Amino acid sequence: MTDSSDTPGELEQPLDAEKSAPEDRATEGPLDESEANPVRPYVDLGGVKILPREGLHLRLEVEEESQRVVAVGLDYANSTLQVQPFAAPRSTGLWHEIRGQIAEQVQRQGGRVSERDGVFGPELVAEIPVAAPQGAPGETRVARFVGVDGPRWFLRGVIAGDAAVKPDAAALVEDLFRSIVVVRGSVPMPPRDLIPLRMPAAPSTGPDAGYSSL
């Protein structure tokens, strides 16, 4: 092994610790809050900001026991995109390691998974068994797992519906994922902790006002 200790910043990292992101991430997204245009009309959900667009519907996924918002669901182009932002180290990434864990989980559920290069880098395409009535033939659904390592954060997306199998819908949902802004904040957090999400401030009253349709 070559000694590179005299070249700071060029020390080799294990493959599973390298950051995984598109080369143009800092300009084309997903963006860090410091890279985003501050005058764009984002919907502020705490750990992420979402840019409204025609036909986009927003759902917040809440953990029943704690009533904590644990994911953002985006319905768009006959597809669904679930996103979660996580804290990450400054100089290393999480996606290479997490990808392997997702593959193991899908296989334990009896599904099949393959890896391919996508617009965001490596992604997983999974065929996941769907519970069927007794006696009915077993069915599967296709889902794409994508991930991007940013500065001190990791953004995971799960794509289902048309965008998992149809190129035209895939391009629309990939653009939606690109438009997301991650707000890491300055509070110290252990890597892999979910960056807190929250309901947006709504001009209307009522528990669901302003949240379902953007």
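Two strands count as paired if DSSP finds at least two bridges between them. With that in hand, here is a short tour of this predicted model.

**View 1. A four-stranded open sheet with mixed pairing.**
The strands of this sheet follow the order β1-β11-β3-β2. At its edges lie β1 (31-32) and β2 (43-44), each of which pairs on one side only. Look for the two bridges that link β2 to β3 (residues 48-50) in the antiparallel sense. Here, valine 43 sits opposite isoleucine 50 of β3. As a reminder, the strands of a sheet pair through backbone hydrogen bonds, and they may do so in parallel or antiparallel fashion.

**View 2. β10 and its two antiparallel neighbours, β6 and β9.**
On one pairing, β10 (153-161) is joined to β6 by nine bridges. Alanine 87 has tryptophan 153 of β10 as its bridge partner. On the other pairing, eight bridges connect β9 and β10, and glycine 150 stands opposite tryptophan 153. β9 and β10 make a hairpin, with two residues between the strands. Do take a look at arginine 152 in the turn, where phi is positive at about 70°. As for burial, β10 is mostly covered, with eight of its nine residues buried.

**View 3. Helix α3 and the elements its buried residues pack against.**
α3 spans residues 167-178, twelve in number. From the first C-alpha to the last, α3 reaches 16 Å, close to the 16 Å expected at 1.5 Å a residue. Its buried residues are Ala169, Ala170, Val173, Glu174, Leu176, Phe177 and Arg178. These pack against α1 (25-28) and β1, as well as β5 (69-76), β6 (79-87), β9 (139-150) and β10.

**View 4. The largest pocket and its lining of 18 residues.**
This pocket holds about 290 Å³ of space. Closest to its centre among the lining residues are Gln82, Arg141, Phe145, Arg156 and Val158. Two or more lining residues come from each of β4 (57-62), β5, β6, α2 (95-108), β9 and β10. Which element gives the largest share of the lining? That is β6, with four residues. By residue type, the lining of the largest pocket divides into eight nonpolar, six polar and four charged residues. Empty space of this kind shows up when a probe the size of a water molecule is rolled over the atoms.

Note on methods. Residues numbered from 1 in each chain as written. Predicted model: local features only at pLDDT ≥ 70, side-chain atom pairs only at ≥ 80, totals over all residues. Heavy atoms only, no water. Expected span 1.5 Å × (residues − 1). Buried < 20%, exposed > 50% of the residue type's maximum accessible area, 1.4 Å probe, protein only. Contact = heavy atoms within 4.5 Å. 1 Å grid on protein atoms, 1.4 Å probe; cavity = no way out; pocket = protein on both sides within 12 Å on 5 of 7 lines; lining within 4 Å. Points joined across faces, edges and corners; volume = space filled by probe spheres on them. Nonpolar A, V, L, I, M, F, W, Y, C, P; charged D, E, K, R; others polar.
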